[in-house]
Amino acid sequence: MSKATINEGAVGGRTANRIINILLVIGCLTVAFPLYMTVIIAFKKPSEMTNDVAGALGFPSSWSFSNFAEAMEVTDFWHSLGNSLLLTGATVIICVILHSLAGYLIGRKMARIKAFKAFYLYLISGMFVPFAVLMMPLVKQTAEIGIANRFGVIVLYVVFFMPMNVMLYSGYLSNIPTALDEASHVDGAGVWQTFWKIIFPNMKPMHATVAVLTAMSTWNDVMTPLVIMSGTDENTLPLAQLNFQTQFGTNYNLAFASYLLALLPILIFYVICQKQIINGVVNGAVK
Amino acid sequence: MNKKHTWSKNEKVFLGLLIPILILFFCFNTLPLIKGFYYGLTNFRGYGNYDFVGLRNFIEVFQDSRVGKSYLFTFKYAIVMTIAVNVISLILALGLNSKIRGKNALRGIYFVPNILGGLVVGYIFSFIFTYILPAIGEAAGISFLSNSILGSTTWAWVAIVIVGAWQGIAMNTIIYISGLQTVPEDVYEAGMLDGSTGWRKFKDITLPLIMPFITINLVLCMKNAMMVFDQIMALTKGGPSQSTESISYLIYNNGMSGGQFGFQSANAFIFFIVIVAISIFQTTILGKKEEQL
C-alpha cells in the first residue's frame, strides 16, 4: 500500500477531493456506530436501558466491568477462547506445512506429467463444494470413526482449505527457480530435505497470505464446530455466543459484554497486523 | 496411470509423498459428497433403519414448496447482495483511492467489518433492528420503522442484506482499491489530453482496466452470498414464516434435527450442482468480457 498518487476523483480538483474526504469520514460512522453501541450497552446496567434511543445509546452512569466478569463466567470465556486459539493455531500450522508441501509436489511436476495435472484439477475442484453440502455425511462419518471433536474439526478445516491453499502455493512456485531444486539435488538432498530446507523458507510471502486467510476463516467459522462438536461440551468463541443467546438472550447488557469479549481478540490482532491481514486478503482473492 | 511416461526415482518420491495427502482429501471431501448422494437415495431420518427409495427425494426436491422458497430467497439475496455490494464498494474504493488526507487510516477503518465474525455481527445488528430503528421511527414519526423489520415477512430479508453488505463491502472495497492501483497514471494523462474527464474517464478508462477485479469481486460475492448461514442464524433463524430460510440453513435445520436426513441430502447434492453451474457460468461469461477489452 504505497502512497501512489493517482489522479482520481470525478472532477479532480482540490475542492472535490476535500468533499470526498469529508464524505468518507462521515461514512466511517456506519462502521463505528454498531461498535460504539456494543461498547456502550456492554457497560450499562439493565435498569439504564429505557425504551428510547437515548436509553440505549447514551453513556452509562458508571463504567463498571461487572458485566464482563459475569459474561466471562456464564460463557466460560477462557475455555472457549482457549478452544478457538487451539483450533485456529493447529489448523494454521498444519495447513501451512501440508498445503505448501502439496503445492510444491504438484506444482513442480504438473507441467510435464499428466497425472499430476489431474491431481491438481481434482484438488482445485474441491473449491466448488460448499460445507453445507458435505455437512450431513461428515457428521455421520466423524461420529463413526470417533473424531466428532476438536481433532475432527481441525482435520475438516485442513481438508476444506486445501484446494484454495494448494492453488496459491503452486501458483507461487513459479517465483522459485527450479535451479534451486537441482542444486540441492546435486548436493545429495532428498525431496523432503529440498522442500524443507530450500522451498519452504522461500515460500515465506505466501505463508503469510495462507496463514491470514486460514486463520480468519477458522476463527470466525460457526457451522463446522456447531455440527461436529455438538456432542461434546466444548465451545469455540462464536459457539459460546450462540449458546448464550439461546439461554440468556434477554439480558442485553450481559450479551453485549459477551459479544465485545468475543470480538476483542480479532480486533487486537487486526490492530497489530493490519498490513499483513489486508495484504493477505487481497493476495488470496486476486491470485 | 500414464503409461507413456516412465517415472524417474525422483518423480516416484513426489508421488509417494503426495498420495497420502490426496487420500486425506478424498476421505473428507469426495467421499462425503458420494455418501451424500447415497443418503439422498434413502428415506434416512438421521437415526434408526432406512430403506432405498430410488430417485424419489431428488424429484420431490423440485416439488417441495419449502425448498422452492429457500432457493428463491437465496437467489434474491445473492443477486441483490452482489449488485449492492459491488456498486457501493466500487464508489468507496474510488473515494479511498483519491488524493485525500488520512488515506491509510480510512482504509483501515473501512476494512474492520470484514474481520469480525458473522454471527456476533448478526446479534449486534439484531438489536439495532429490534430496538434502535423502531425507537428512531417512533421519535421521528415514521410508522414504517416503528415495528422491527425482522418481524416482517416482506422486509426481513432486507435486514439480512444490510448485515451481509456491511461485511461484504469491506472485502470488495479493498480488492477494488488494489485494482485501481494497477491503473497507471499516464493512462489517465493520455485520457485527459483526449478530453475525457469525470464519468467518461471512469467509464472509458478505469472500468475496462479494472475488469479482472470486477470479475473476482462478482464471483466471490455471489459465492459467499449463496452460502449465507451465520447472519440467518443470528437474525431470523429462517423466519418469519420461513421467509428468510437460505438453502444452507434449511439443510442444517431440517437435515440435522428435522428428521429429513435423506431428503435434505438430496437437496444438498442438487445445491452442489447449482453452485458448480453458477461458477462455470460466471467465469465463462465474465472471462469473455475480459478478453474483448
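Where in chain B is Gln242(B) found? I looked this up and found Gln242(B) in the loop between α10 (230-235) and α11 (247-256) of chain B, with helices taken as DSSP runs (H or I, at least four residues) numbered from the N terminus.

**Conventions.** I note that this is a predicted model, in which local features need pLDDT of at least 70, side-chain atom pairs count only at pLDDT 80 or more, and totals for chains, interfaces and linings use all residues. Residues are numbered from 1 along each chain as its sequence is written, chains are lettered from A and ligands numbered from 1 in the order in which they are written, and side-chain values use heavy atoms, with hydrogens and water left out.

**Backbone.** I recorded that most residues other than glycine have a negative phi. Gln242(B) has a positive phi near 60°, and I found this residue partly exposed at a relative accessible area of 32% (buried is under 20%, exposed over 50%, partly exposed in between, with a 1.4 Å probe and protein chains only).

**Chain A against chain B.** I looked up the contact (heavy atoms within 4.5 Å) and found that it takes 98 residues from chain A and 97 residues from chain B. The buried area, meaning the accessible area (1.4 Å probe) that two parts lose on being put together, summed over both, is about 8800 Å², and carbon and sulfur atoms give 77% of it. I found one salt bridge across this interface (a side-chain nitrogen of Lys or Arg within 4 Å of a carboxyl oxygen of Asp or Glu), and it joins Glu11(B) to Arg112(A), with the closest N and O atoms 4.0 Å apart. On the chain A side, helix α1 (residues 14-43) gives the largest share, 16 residues.

**Domains of chain A.** I noted domain 1 (14-64) and domain 2 (71-286), with bounds from an automatic or database domain assignment, and with C-alpha centres 34 Å apart. Their contact takes 10 residues from domain 1 and seven residues from domain 2. Between them the two domains bury about 700 Å², 77% of it on carbon and sulfur atoms, and in domain 1 the residues that lose the most area to domain 2 are Thr38(A), Ile41(A) and Ala42(A), together 54% of what that side buries.

Technical notes: Helix = DSSP H or I, 4+ residues; strand = E, 2+ residues; numbered from the N terminus.
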